[in-house]
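Visitor: Before we go through this one, I would like each term set against its rule.
Guide: Then let us look at it together.

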There are 2 protein chains.
Amino acid sequence: MRSTKCVVLGGGGFIGTNLCRYLLGRVAELRAFGYGPSFPDAVRGVVWHEGGFDDAGRLAAAVDGCDTVFHLISSATPASPVGDTVADLTATLRLLELCRAGAVGRIVFVSSGGTVYGVPATVPTPEDAPTDPITAYGIAKLAIEKHLALYRHLHGLDYRILRVANPFGPFQTAGKGQGVIAAFLRRALAGQPVEIWGTGDVVRDYVYVDDVVEALVLAATHAGDERLFNIGSGVGRSLAAIVDDLGAVLGRPPEIVHREGRAVDVPRSVLDITRARHDLGWEPRTDWHDGLRRTRDWIAAAGLG
Amino acid sequence: MRSTKCVVLGGGGFIGTNLCRYLLGRVAELRAFGYGPSFPDAVRGVVWHEGGFDDAGRLAAAVDGCDTVFHLISSATPASPVGDTVADLTATLRLLELCRAGAVGRIVFVSSGGTVYGVPATVPTPEDAPTDPITAYGIAKLAIEKHLALYRHLHGLDYRILRVANPFGPFQTAGKGQGVIAAFLRRALAGQPVEIWGTGDVVRDYVYVDDVVEALVLAATHAGDERLFNIGSGVGRSLAAIVDDLGAVLGRPPEIVHREGRAVDVPRSVLDITRARHDLGWEPRTDWHDGLRRTRDWIAAAGLG
């Protein structure tokens, strides 16, 4: 990617920060777009374009001259009401028009492995499983995916989609109600009880952010025919099991309080990552306990716990 | 449906006019919403609520007190640019909020059997085939379908979706570039050549509008578990074959001019209607040549040919 001029939309967020740190010095030009970095020291050297995703002028300036766009920006979360999610779709359509008018050759889009399938009939869930989201957030991600395929069909704008499971690791702040591992670690390190929503039986697929970054980088230059990849660990873990593992990493079991479950929760979400393994040459390489330890160390060092 | 209070969104359009004519006198209250009827005499007795789909206030007044909503309204067409199609999605989300706040128990939505599947791998195409539209129009229809399922999941608002193939029959004016049979008949009756876009090999599934109306009425009260139905004839016909059949109905072969094909065209679209037959108890009953003759007679009588 030495000669690549790229922009990371949402470069100040959790995955964006990690991606920018990896790309720094490895690409010809690195820009980030969004509401400014959460951790400015961590992304020093990145050319920042500040703006909201709905700010067409600033978005155009950020994309202008780039050949690769990493689209990680989202103003909505899985718990967002219908309507807020359509704003992300509308802004993405504006982005697609900018890309096809400009020099952009590829968009790498981070979709949502945990919401686009809805309540999956098959677990682990492969990419060709039915997509019946039970959140407006998941529907918007899916609609964006379909428009990416449309722009390739109509205009030759290439793309790769990563349906990322539940990422965790450094620079996740658990700020928007996302990131259960960061939230648990912050509370446990601060001596507060961790909150379990629902029964604790909810199973998710947690993937360490360095592995996600590697998948994004591979997707930026991937030459195969597949354009849609699940990115997860392929392993399901219940909230209850996570609390146990955090106890081992912290040296003491965290105190637990139970809260009522949310309607947005599917009971079990684990991704089948066979396609990414075979076709993208990708592998989730970070050991689960290593990932937890590194996340714990970062939260402690950042003074967030 | 004797005690039903219903509103037909898009009641002035092609399918809407036919549906209103059927429902008149068969339901307790019949309203129509949209930009006014194309053929006012044909829908006399329907309580009209005039407004654009984006006019939230007028839409609310039209839906208020209704238990059944027929959603046939669309400002976009299959050839619409991206962006125009999102307006239909946004307006539909507003509609869903109105329905869940009000007394509406069911929405019957007319989706697009010819565009949601994209280029189908299986022909005839069943409802569970992959949905990879190659038009923004098809993506918007699909996103609306997903939101209907979401509102049932979250709020218990029931729905049925009909993925209608290419409908034809009386009250189709071929005004928005839709309705090849109406367009051919108008030109042929006026002594003008018919225009074939592309090679003439393009295959579609044409279904007579009375059969579509019957499916809509069945869907309004259907009690089974399936909520998504293909509605077509199940038979594929090429443009070239249609021109031949129109020649038989008109007593002389129409003159033909060839035009360049459009990027929005999938080569072959035929629906598998097994599910509607088994589960909705529906059957496309109108004979193909009968349908063509009745359409011819209506166009001649309406002075459109």
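**Terms and values**

Guide: By class, the lining of the largest cavity holds seven nonpolar, four polar and two charged residues. Here Ala, Val, Leu, Ile, Met, Phe, Trp, Tyr, Cys and Pro count as nonpolar, Asp, Glu, Lys and Arg as charged, and the others, Gly among them, as polar. This is a predicted model, in which local features need pLDDT of at least 70 and side-chain atom pairs count only at pLDDT 80 or more, while totals for chains, interfaces and linings use all residues. Residues are numbered from 1 along each chain as its sequence is written, chains are lettered from A and ligands numbered from 1 in the order in which they are written, and side-chain values use heavy atoms, with hydrogens and water left out.

Visitor: What makes a space a cavity?
Guide: On a 1 Å grid over the protein atoms alone, a cavity is a set of points where a 1.4 Å probe fits but cannot get out, and its lining residues have an atom within 4 Å of a point. Grid points are joined across faces, edges and corners, and the volume is the space filled by probe spheres set on the points. By this rule there are five cavities of 30 Å³ or more, and the largest has about 60 Å³ of space.

Visitor: Which residues lie nearest the centre of the largest cavity?
Guide: A:Ser74, A:Asp88, A:Ala140, A:Lys141 and A:Ile144, out of 13 lining residues. H4(A) gives the most to this lining, with four residues; helices are DSSP runs (H or I, at least four residues), numbered from the N terminus.

Visitor: Why is the pair B:Asp132 and A:Lys146 called a salt bridge?
Guide: The rule asks for a side-chain nitrogen of Lys or Arg within 4 Å of a carboxyl oxygen of Asp or Glu. The closest N and O atoms of B:Asp132 and A:Lys146 are 3.3 Å apart, so the pair meets the definition. Across the interface of chain B and chain A the rule finds two salt bridges.

Visitor: How many residues does each chain bring to the contact?
Guide: Chain B and chain A bring 22 residues each, where contact means heavy atoms within 4.5 Å.

Visitor: How much area do chain B and chain A bury between them?
Guide: About 1,700 Å², 76% of it on carbon and sulfur atoms. Buried area is the accessible area (1.4 Å probe) that two parts lose on being put together, summed over both. B:Val82, B:Ile139 and B:Lys146 supply 32% of the area that chain B buries against chain A, more than any other three residues.

Terms used
On a 1 Å grid over the protein atoms alone, a cavity is a set of points where a 1.4 Å probe fits but cannot get out, and a pocket is an open set with protein on both sides within 12 Å along at least five of seven lines; lining residues have an atom within 4 Å of a point. Helices (H or I, at least four residues) and strands (E, at least two) are DSSP runs, numbered from the N terminus.
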